[in-house]
Amino acid sequence: MTTKIIGTGSCPGERVVTNDDLAKIVETSDEWISSRTGIKERHLTTGLGTSGMAARAAMLACENAGIRPEELDLIVMGTSTPEYCFPSGACQVQAAIGAVNAAGFDISAACSGFVFALMTAHSFLKSGMYRNALVIGADDISKLVDWSDRKTCVLFGDGAGAAVIKAQEDGCFEGMMGCDGKKWEVLTCQARSGGNFITEKKPDLGYIYMDGQEVFKFAVKKVPECIRQVLDANGVGMEAVRYYILHQANERIIDSVAKRLKEPLEKFPMNIQKYGNTSGASIPILLDEMNREGMLNRGDKIVLAGFGGGLTWGAILLEW
Ligand code: ACO
């Protein structure tokens with residue numbers, strides 16, 4: 001038993017913010033941001049929030065898959081920015097779309113969230129426990145950004161992407177996940193912490209901290225490694241891969257991965273110019289755009305690869 005993606009959907013944040021807009025609030029420029037990251041603009045959510053964007057992406061994915069929400073057995077959502085500690089964002093989406101028969105929970109794996117969520121849902125389907133699952137990557141990452149810190153605030157954007165997967169007898173789906181907890185301090189955002197009646201402190205709330213150069217070194221080493229690993233495990237050569245759909249963190253990371261794999265850049269579609277880094281949402285948003293633009297044909301082999309805080313990474317080889 002394996003799984004196949006049968007529909008996708010996405011929902012970026014409602015408001016477009018350009019590099020020039022950011023140059024009005026911090027000491028930066030369109031030239032600095034676009035030459036170092038590839039980003040020209042990003043979308044920020046002004047009301048929908050994580051679960052609202054996720055629910056819209058989920059409905060579009062169900063419509064695209066030709067499936068009614070009641071037919072879903074499971075919702076797995078990769079997010080670092082749920083609106084509540086509990087309930088999970090997946091439970092909010094379940095209610096919003098009327099997926100009354102689905103169980104749901106969230107996965108915390110930062111920018112690798114969608115890959116980890118897809119691996120998790122796939123495992124449930126492969127075991128025979130469920131038939132149809134909704135996998136979401138959604139982040140309202142702008143609420144964790146310190147908008148006075150030019151080193152990080154220019155990088156991120158908000159959005160959600162979703163995919164419906166279905167159990168089926170034959171096909172190709174090979175995935176791996178990894179993490180290196182020793183490097184957890186490289187990319188962090190502290191959760192609400194430290195408040196109780198003994199300390200008499202109000203809880204602290206953190207902002208995103210990133211050691212950009214460490215993240216860069218990690219990504220350009222680990223992403224090619226994990227891509228090779230899933231290809232080798234399946235006996236698939238790189239010439240058979242139509243597209244590599246990477247987490248959209250930074251154009252220079254993607255260029256560097258392409259070079260290390262000795263693969264043409266045309267196989268690495270990008271939309272970071274429009275959305276910035278949408279964390280767990282970047283891979284499913286790009287996948288949905290490619291699907292709707294007719295770039296994917298049934299039978300194409302594609303590779304998804306995510307990497308992010310944890311540090312975490314993962315890759316999936318699948319047949320469209
Ligand atoms: N505008 C203008 N100047 C800036 C800005 C900005 N937005 N941000 C930093 N600078 C300045 C710094 O203050 C510093 O100035 P100084 O030399 O006077 O101190 C100078 O630019 C260089 O700063 P660095 O932080 O060393 O910049 P770097 O060249 O490393 O570029 C970047 C930063 C683009 C983030 C780079 O480290 C990178 O590509 N990292 C990869 C990580 C990444 O993309 N993370 C995304 C999120 S994580 C994820 O998704 C997994």
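Q: Which helix holds both Glu225 and Lys221, and how many residues apart are they?
A: In this predicted model, helix α7 (residues 212-234) contains both Glu225 and Lys221. They are 4 residues apart, about one turn of the helix.

Q: What joins the side chains of Glu225 and Lys221?
A: A salt bridge is identified when a side-chain nitrogen of Lys or Arg lies within 4 Å of a carboxyl oxygen of Asp or Glu. The side chains of Glu225 and Lys221 meet in such a bridge, at 3.2 Å from N to O. Glu225 is partly exposed, at 34% relative accessibility, and Lys221 is partly exposed as well, at 47%.

Q: Where do Asp288 and Arg292 lie, and how many residues apart are they?
A: Asp288 and Arg292 both belong to helix α10 (residues 282-292), 4 residues apart, about one turn of the helix. Their side chains form a salt bridge of 2.7 Å, N to O.

Q: Is Asp288 buried or exposed?
A: A residue is called buried when its relative accessible area is under 20%. Asp288 has 3% relative accessibility, so it counts as buried. Arg292, with 45%, is partly exposed.

Q: How many salt bridges are there by this rule?
A: The count comes to 14. One of them joins Lys24 and Asp21, at 3.7 Å from N to O. Arg68, Glu70 and Glu71 are linked in a network of salt bridges.

Q: Which residues does Ile245 touch, leaving out those up to four places away in sequence?
A: Ile245 is in strand β11 (residues 241-246) and is buried, with a relative accessible area of 0%. Its contacts include Pro269, Ile283, Leu286, Met290 and Val303.

Conventions
Residues are numbered from 1 along each chain as its sequence is written. This is a predicted model: local features need pLDDT of at least 70, side-chain atom pairs count only at pLDDT 80 or more; totals for chains, interfaces and linings use all residues. Side-chain values use heavy atoms; hydrogens and water are left out. Helices (H or I, at least four residues) and strands (E, at least two) are DSSP runs, numbered from the N terminus. Buried means under 20% relative accessible area, exposed over 50%, partly exposed in between (1.4 Å probe, protein chains only). Contact means heavy atoms within 4.5 Å.
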